Amino acid sequence: MKHIVTAKAPVNIALIKYWGKEDEAKVIPYTGSLSLSVSELYTVTTIKHSSHGFSFTLNGKKASKADALKIKKFLSHFAQEHELEDISVISENTGPTASGAASSASGFAALAKAANTFFETNFENEILASITRLGSGSACRSLFGGLVVWEKTGEVYTIREDGFDFIMVFALLTHQRKSISSKQAMKNTVSTSPYYEAWVSKTTQDLIAMKHAIHVEDLRTIGELTQSSALAMHASMLSATPPTLFLTHHSLEIIHGIMDLQRHGEFAYPTMDAGMHVKILTNAQSLPKVLETLDAFKVKDIIVTHPEKGAHILYEE
Ligand code: 2P0
């Protein structure tokens, strides 16, 4: 066991969304997904010895008992219970604002990366990814950089390291916590949406089309598939019982505004996750128009992000 290990992991945004588990316990998704790891929003996590029993500190505050227990349970994949008694875990989600975009994906990726070194388990990528996704499914994608594929089979890998120098703009519309967890919303969609089968077949095909578009560097198709996957995911949850409606009038205004930019030849495609925020996949050339549009719709909280490498160790001793 090491004395202290610090790891950093990026937030990732899915271009082809993951929405639904075939196996809840092992977190096996119904479909593969594909994401972009981004800079500017990330988690830095330190694991070290302490003499006060197990503790978990998140953004400078001691976490609740329930959260600490969840982290301890996750770490038990790397260590025996008695080894966890004198461990402290300190985690910071970082961004230019007190971010509504804080992510469990970067959190569990940083924790898994740090734990794998701290407890000297040195699991290979595939095993590390299979443990990481037990914390949060999408977290396994944050282990890798650039454009990342998470296959249904469990394999996770970078398909394009430089991410085409895409820019992902976060338009953050609220600081309130969402009313339903993505885990629960996903589960409702799987079990009640009449469109779920169609979602699975569309996503399976979209992932193949996306890999091809990346391979032949067809950026327009990458944008169009990104937009289509997000809208179809929201359609699947809208048709569930009870329905989950994350998007607000403000989200929709922005989506319309960004689609207008496309009609004027700009490279700008909206994508939305389990919340009302809108993210826009764009490039350096179209960025000024995207920012102009967000300004016109009075979005105050904007974060401009770029492709980033995957989770890595910052310090070990
Ligand atoms: C994604 N999302 O592909 C999709 C799109 C949100 C919308 O993965 O239940 O925290 O822990 O596996 O990964 C967010 O859900 O869910 C997510 P669990 P996770 O990014």
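Analyst: A helix here is a DSSP run of H or I with at least four residues, and numbering starts from the N terminus. The model is predicted. Glu 120 sits in the loop between two such runs, helix H2 (104–118) and helix H3 (125–135).

User: Which peptide bond is cis, and how do you know?

Analyst: The bond from Thr 241 to Pro 242, with omega near -5°. Most peptide bonds are trans. Pro 242 belongs to the loop between H6 and helix H7 (249–263).

User: Why are S4 and S7 called paired?

Analyst: Pairing needs at least two bridges in DSSP. Strand S4 (residues 33–49) and strand S7 (residues 87–94) have eight, so they qualify. They run antiparallel. Within this pair, Thr 46 has Ile 90 in S7 as its bridge partner.

User: In which sense does S5 pair with S7, parallel or antiparallel?

Analyst: Parallel, over four bridges, with S5 covering residues 55–58. Phe 56 stands opposite Val 89 in S7. Leu 58 stands opposite Ser 91 in S7.

User: Why does S6 count as a strand, and why as a partner of S5?

Analyst: S6 spans residues 61–62. A strand needs at least two residues, so S6 meets the cut-off. Two bridges join S5 to S6. At least two are required, so the strands pair. They run antiparallel, and Thr 57 has Lys 62 in S6 as its bridge partner. S5 and S6 form a hairpin with two residues between them. Asn 59 in the turn has a positive phi of about 50°.

User: What makes S11 and S13 edge strands?

Analyst: The open sheet of four strands has the order S11-S12-S10-S13, with antiparallel pairing. S11 (268–271) and S13 (301–305) each pair on one side only. Neighbouring strands are turned by 20° against each other on average, direction ignored.

User: How do you know that S11 and S12 pair?

Analyst: Four bridges join S11 to S12 (residues 278–282), and at least two are needed, so they pair. Pro 270 stands opposite Ile 280 in S12.

User: Which helices pack on this sheet, and what does contact require?

Analyst: Contact requires heavy atoms within 4.5 Å. Helix H6 (residues 219–238) touches S11 and S12, and its direction makes about 25° with that of S11. Helix H8 (residues 287–296) touches S10 (167–172), S11, S12 and S13. The direction of H8 makes about 5° with that of S10.

User: What makes up the shell around the ligand?

Analyst: Six nonpolar, five polar and five charged residues. Of the 16 residues, Tyr 18, Lys 21, Gly 137, Ser 138 and Arg 141 come nearest. Helix H4 (residues 182–192) gives the most to the shell, with three residues.

How values were computed. Residues are numbered from 1 along each chain as its sequence is written. This is a predicted model: local features need pLDDT of at least 70, side-chain atom pairs count only at pLDDT 80 or more; totals for chains, interfaces and linings use all residues. Side-chain values use heavy atoms; hydrogens and water are left out. Axes are lines fitted to C-alpha atoms, for helices over the stretch in contact, and angles run from 0 to 180 degrees between N-to-C directions. A residue is near a molecule or strand if one of its heavy atoms lies within 4 Å of it. Ala, Val, Leu, Ile, Met, Phe, Trp, Tyr, Cys and Pro count as nonpolar, Asp, Glu, Lys and Arg as charged, and the others, Gly among them, as polar.
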